[in-house]
Amino acid sequence: MIGKAIFNLAIYYLLHRVTGLNNDESRRNHVTVIGLGSMGKAVVKCFAKNDYSIHAWNRGERNRQVIKDLHLPNVEVYDQFYKAVEQSDIVFMHIDAGTNLANTNTLIRSTSESSSWKDKILIQFSSHTP
């Protein structure tokens, strides 16, 4: 119980209070996870365990299905990238940008002309920046 409280406090303080985002209570516990390989899967499990609503996307159907098969509460897996991004103010990206940098840039640019990225926090977990 203490671990969960510390986790929630850290996420709230670092990602909400410092940035001023998520003043809308209905979106406070929502995160988007892009890339559902081993790291993305671990992040989805961690947030689900701590009562967050997770909006997830992966390019390949296989990893999307792996997350669906876990039957975690409050996890919705999307077929379209931009729909997952639109659902929360915080986006955790777990795409191997080193080998797929062009693909990562294409994904981000495909939604940049809409309001999808406006006022979002993008947390990129890779060795390269898109």
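Two residues are said here to be in contact when they have heavy atoms within 4.5 Å of each other. By that rule, and leaving aside neighbours within four places in sequence, Ser53 is in contact with Asn29, His30, Val31 and Asn74. The structure is a predicted model, in which local features need pLDDT of at least 70 and side-chain atom pairs count only at pLDDT 80 or more, while totals for chains, interfaces and linings use all residues. Residues are numbered from 1 along each chain as its sequence is written, and side-chain values use heavy atoms, with hydrogens and water left out.

## The chain as a whole

The chain holds five helices and five strands, where helices (H or I, at least four residues) and strands (E, at least two) are DSSP runs numbered from the N terminus. Read from the N terminus on, these elements follow the order α-β-α-β-α-β-α-β-α-β. Of the contacts in the chain with a separation of 6 or more, 63% are between residues 24 or more positions apart. Buried residues make up 41% of the 130 residues in the chain; buried means under 20% relative accessible area, exposed means over 50%, and partly exposed lies in between (1.4 Å probe, protein chains only).

Helix 2 (residues 38-49) has 12 residues and spans 17 Å from its first C-alpha to its last, close to the 16 Å expected at 1.5 Å a residue, the expected span being 1.5 Å times one less than the number of residues. Its buried residues are Gly40, Val43, Val44, Phe47 and Ala48. These residues cover an arc of only 130° around the axis, which puts them on the same side of helix 2; the arc is that of the directions from the helix axis to the C-beta atoms. Ser38 and Lys49, in contrast, are exposed on the other side of helix 2.

In soluble globular proteins, nonpolar side chains tend to be buried together. A nonpolar core is taken here as a set of buried Ala, Val, Leu, Ile, Met, Phe, Trp, Tyr and Cys residues joined through side-chain atoms within 4.5 Å. The largest such core has 15 residues, of which Val31, Val33, Leu36, Val44, Phe47 and Ile54 touch the most other members. Strand 1 (30-34), helix 2, strand 2 and strand 4 (90-93) are the elements that give two or more residues to this core, and the largest share, four residues, comes from helix 2. Apart from neighbours within four places in sequence, Ile54 is in contact with Val31, Val33, Val44, Phe47, Ala48, Asn74, Val75 and Glu76. A second, separate core of 11 residues includes Ile34, Ala84, Ile95 and Ile108.

Ser53, with which this report began, is found in strand 2 (residues 53-57) and is buried, at a relative accessible area of 19%.

Side chains of opposite charge can pair when their charged atoms come close. A search of the whole structure finds two salt bridges, a salt bridge being a side-chain nitrogen of Lys or Arg within 4 Å of a carboxyl oxygen of Asp or Glu.

| Salt bridge | Closest N and O atoms |
|---|---|
| Glu61 with Arg64 | 2.7 Å |
| Asp79 with Arg64 | 3.5 Å |

Asp79 lies in the loop between strand 3 and helix 4 (81-86) and Arg64 in helix 3, so this pair ties together parts that are 15 residues apart in sequence. Salt bridges that share partners join Glu61, Arg64 and Asp79 into one network. Glu61 and Arg64 are three residues apart in helix 3, and therefore about one helical turn separates them.

## Residues with positive phi

Most residues other than glycine have a negative phi. His71, however, has a positive phi near 50°; this residue lies in the loop between helix 3 (61-69) and strand 3 (75-78) and counts as exposed, at 67% relative accessibility. Asn74, which is not a glycine either, has a positive phi of about 60°. Asn74 is also placed in the loop between helix 3 and strand 3, and is partly exposed with a relative accessible area of 44%. Asp51, which follows helix 2, has a positive phi near 65°.
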